[in-house]
Each structure stands twice: as structure tokens, then as C-alpha cells.
Amino acid sequence: MHEMSIALGVVDIAEKAFRESGASRIESITLQIGALAGVQLESLYFVWPSAVAGTALEGADRIIESTDGQAVCLECEQPFALKHHFDACPHCNSYFKNIIAGKELNVKSMAFIMDESPQPAPSNN
Ligand SMILES: [Zn+2]
């Protein structure tokens with residue numbers, strides 16, 4: 001189940017950004033996952049609670065934006081929607097295509113909650 005390693009990778013990215021932000025907690029994280037990224041969302045949802053337990057992401061909202069697969073046929077040059085990597089062009093049935101969208105697997109954005117109390121200024125000595 002490689003969704004666990006994906007989730008742990010997201011946790012790494014989030015914790016690094018969180019430390020650099022100086023925020024008090026993470027309100028939400030938005031992931032962009034393409035239809036062709038090879039991620040089973042059900043599996044990702046299943047492993048998520050154990051992946052984020054005890055990390056900066058624990059309790060943060062998880063928002064998934066899924067993007068559809070898009071390809072341009074290399075034979076007839078028509079764009080078409082792709083559900084699977086191996087789909088043929090619906091116009092000419094060619095399997096030669098250039099996939100232009102749907103393989104995304106990104107942390108798109110995160111929302112931080114900053115501490116209300118003033119932070120002590122960093123000391124230079
Ligand atoms: Zn075609």
C-alpha cells in the first residue's frame with residue numbers, strides 16, 4: 001500500500017513548512033491528486049489518521065482536489081480526456097499520446113494559524 005508512503009511524504013513536507021512558518025498550528029492542507037497519479041483515494045483516507053498522528057498535521061483539515069486526466073493524441077492531435085494511462089484516442093484509436101494533465105501529486109497549499117501572542121524577537125547573538 002504505497003498510499004502510506006505518500007501520506008508520510010506529505011507529513012514531511014507539511015512539518016517542514018510548518019516549522020519555517022512559525023505558526024502555532026496547521027488549519028488545513030490541500031492536496032492536488034491527478035486521476036492518473038496512481039493514488040487510491042480510499043486507501044489514502046484509510047492510512048491518513050495513522051500517518052498524521054502526533055505530527056503537525058494531526059487535527060488539520062485534509063482537502064483533496066482531484067484533477068482529470070488529459071492527453072493530446074500524437075496521431076490526430078486531438079485533445080481528449082483520459083481515465084487510465086492505457087486509454088486510446090477516442091477519435092482515431094491511437095495509443096500514442098502525450099499526457100498533459102492528471103499525473104499531479106502535490107501539496108497545493110496549507111493554511112496556518114498564527115499564534116495571537118507576540119513572538120519574542122530572534123536574538124542575533
Ligand atoms: Zn487520435
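This note goes through the fold, the first helix, the cores and the annotated sites of the structure above.

1. **Basis.** This is a predicted model, in which local features need pLDDT of at least 70, side-chain atom pairs count only at pLDDT 80 or more, and totals for chains, interfaces and linings use all residues. Residues are numbered from 1 along each chain as its sequence is written.

2. **Fold.** The protein has 2 helices and 6 strands. Helices (H or I, at least four residues) and strands (E, at least two) are DSSP runs, numbered from the N terminus. Along the sequence the pattern is α-β-α-β-β-β-β-β. The radius of gyration is 20 Å, well over the 14 Å that the globule rule gives for 125 residues, so the protein is more spread out than a compact globule. That radius is taken over C-alpha atoms, and the globule rule is 2.2 Å times the number of residues to the power 0.38. The C-alpha trace spans about 65 × 30 × 25 Å along its principal axes.

3. Buried residues make up 20% of the 125 residues. A residue is buried if 20 or more other C-beta atoms lie within 10 Å of its own, exposed if 12 or fewer, and partly exposed in between; C-beta atoms are placed from the backbone. Two residues are in contact if their C-beta atoms, placed from the backbone, lie within 7 Å. Of the contacts with a separation of 6 or more, 73% join residues 24 or more positions apart.

4. **Helix H1, geometry.** H1 has 19 residues. From its first C-alpha to its last it reaches 27 Å, close to the 27 Å expected at 1.5 Å a residue. The expected span is 1.5 Å times one less than the number of residues. Just after H1, Gly 22 takes a positive phi of about 70°.

5. The buried residues of H1 are Ile 6, Ala 7, Val 10, Val 11 and Phe 18. Seen down the helix axis they fall within an arc of 140°, so they line one face of H1. The arc is that of the directions from the helix axis to the C-beta atoms. An α-helix has 3.6 residues a turn, so residues three or four places apart point the same way. The face turned away from the buried side carries the exposed residues Ser 5, Asp 12, Lys 16, Arg 19 and Glu 20. Cover for the buried residues of H1 includes strand E1 (25-34), helix H2 (41-52) and E6.

6. **Cores.** A nonpolar core is a set of buried Ala, Val, Leu, Ile, Met, Phe, Trp, Tyr and Cys residues joined through C-beta atoms within 7 Å. The largest has 16 residues, of which Ala 7, Val 10, Val 11, Ile 26, Ile 29 and Leu 57 touch the most other members. H1, E1 and H2 each give two or more residues to this core. H1 gives the most, with 5 residues. Beyond four places in sequence, Ala 7 touches Leu 44, Val 47, Trp 48 and Ala 51. A second, separate core of 5 residues includes Leu 36, Ala 71, Cys 73 and Cys 89.

7. UniProt (unreviewed entry) places the feature "binding site" at Cys 73, Cys 76, Cys 89 and Cys 92. They are spread over 20 residues of sequence but cluster in space, with a largest C-alpha distance of 8.6 Å. UniProt positions are given in the numbering used here, feature names are shortened, and annotations may be inferred rather than shown by experiment.

8. **Cys 73 and Cys 89.** Cys 73 lies in strand E3 (residues 69-73). Cys 73 counts as buried because it has 20 C-beta neighbours inside 10 Å. Cys 89 sits in the loop between strand E4 (79-82) and strand E5 (97-101). With 21 C-beta neighbours inside 10 Å, Cys 89 is also buried. Leaving aside neighbours within four places in sequence, the contacts of Cys 73 include Cys 89, His 91 and Cys 92.

9. His 2 is in the segment before helix H1 (3-21). His 2 counts as exposed, with 12 C-beta neighbours inside 10 Å.

10. **Phe 112.** Phe 112 is in strand E6 (residues 105-113). Phe 112 is partly exposed, with 17 other C-beta atoms within 10 Å. Phe 112 and Ser 21 are 91 residues apart in sequence and 7.9 Å apart in space, C-alpha to C-alpha. Not counting residues up to four places away in sequence, Phe 112 touches Ser 21, Ala 23, Ile 26 and Glu 27.
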